[in-house]
Amino acid sequence: MVDIEKDFLYENWYVAGLSSDFEHKLTPLKILNESVVFFRTMEGVAVALENACPHRKLPLSCGRLHSESIECGYHGLTFDKNGRCIFAPTQPEAMPNVGVKSYPVVDRYGLLWIWMGDANVANPDDIFHIENYDNPMWGRTASGSMDIACHYLYVTDNLLDPSHVAWVHVSSFAGSGTEDVPLKVDKLEDGVLVSRWMPDREPPPYYAPMLSFEGNCDRKQHYECRLPSIAINKSIFTPVGEGGDDSALPETSFVNISYNFMTPVDADNTRYFWFQHRNTDPNNEALSKQMFEAAKIAFIEDRDILVEVHKGMKHKRTRNINLGIDAGSMRFRKMIEKRIAATSDAA
């Protein structure tokens, strides 16, 4: 029986960290409840290995890094960047079948991606595509990260819930229309999209200074989650009367996309990465910094709520309920459950 609170989707690419987080040194991390050690070779190539020597399971991160290999700190067994044992000083007999698991890793979009499943089926082309990433007309914030002491599905729940902004983000993302305009829920091939256009509304305080027009706006909330745990939150603003058709937005439209990547650490912790991408002011570093700092404040507000939600749900004494606004997140959870079950049946 599938338990999505404890089981994970392994045959997927996850963000291990910012590319700049990994250098020529041993960096241990836990991902999907597996211990992994990362390093870069002297040439800058990223490597990820099982963080346990096969002898007595001492973490390899407790050993010594050479140019392209790790020496165990207990008896000197040495493993190359592919996980093969290439030297065993206390073992005169050859050990050709001894090694540790090697995980495929790819640097892309300033992030280091790791494939947690069968390395033989890992395809870098399956890494989530970020449209306009290299478009010089688009502005981009720095990438951020934080640890959240909650299950990753509470984060995806939150990122499929446009309504929470009215109560959690009162001074930033909140705005009129989020309480009374119905949500549209669409099932995608590998995810769920929750959205709504809200006509003739006052822009939220966070976005108002960024718009090229004054007065009220037509506003769209686009909350999307893709397997395994990637969220795309898009905010679109147009002058009143010019919104409603995503394929025919006026030139004065302001589009901001928040890309969010949730990597499960274990059943109680999530590592969260994000950056924002906008269709204006590509060289405005002050605006990028302002947007990054404002978004970080909002994400801290989310984190504080979700930590308590995780505690409450984990130790609940009475039954919890779902609301109509949970339709998107419940559909995404069902998709996760089915995919885990299908993977288990195929194994």
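Colleague: What volume does the largest pocket have?

Modeller: It comes to about 790 Å³, the space filled by probe spheres set on grid points that are joined across faces, edges and corners. A pocket here is an open set of points on a 1 Å grid over the protein atoms alone, where a 1.4 Å probe fits and protein lies on both sides within 12 Å along at least five of seven lines.

This is a predicted model, where local features need pLDDT of at least 70 and side-chain atom pairs count only at pLDDT 80 or more, while totals for chains, interfaces and linings use all residues. Residues are numbered from 1 along each chain as its sequence is written, and side-chain values use heavy atoms, without hydrogens or water.

Colleague: Which residues lie nearest its centre?

Modeller: Tyr154, Asp157, Asn322, Asp326 and Met330, out of 27 lining residues (those with an atom within 4 Å of a point).

Colleague: And which elements give two or more residues to that lining?

Modeller: Helices H1 (152–159), H2 (165–168), H3 (285–314) and H4 (327–346). H4 gives the largest share, five residues. Helices (H or I, at least four residues) and strands (E, at least two) are DSSP runs, numbered from the N terminus.

Colleague: How much space lies in the second largest pocket?

Modeller: About 310 Å³. It's lined by 17 residues, with Glu11, Asn12, Asp126, Leu227 and Pro228 closest to the centre.
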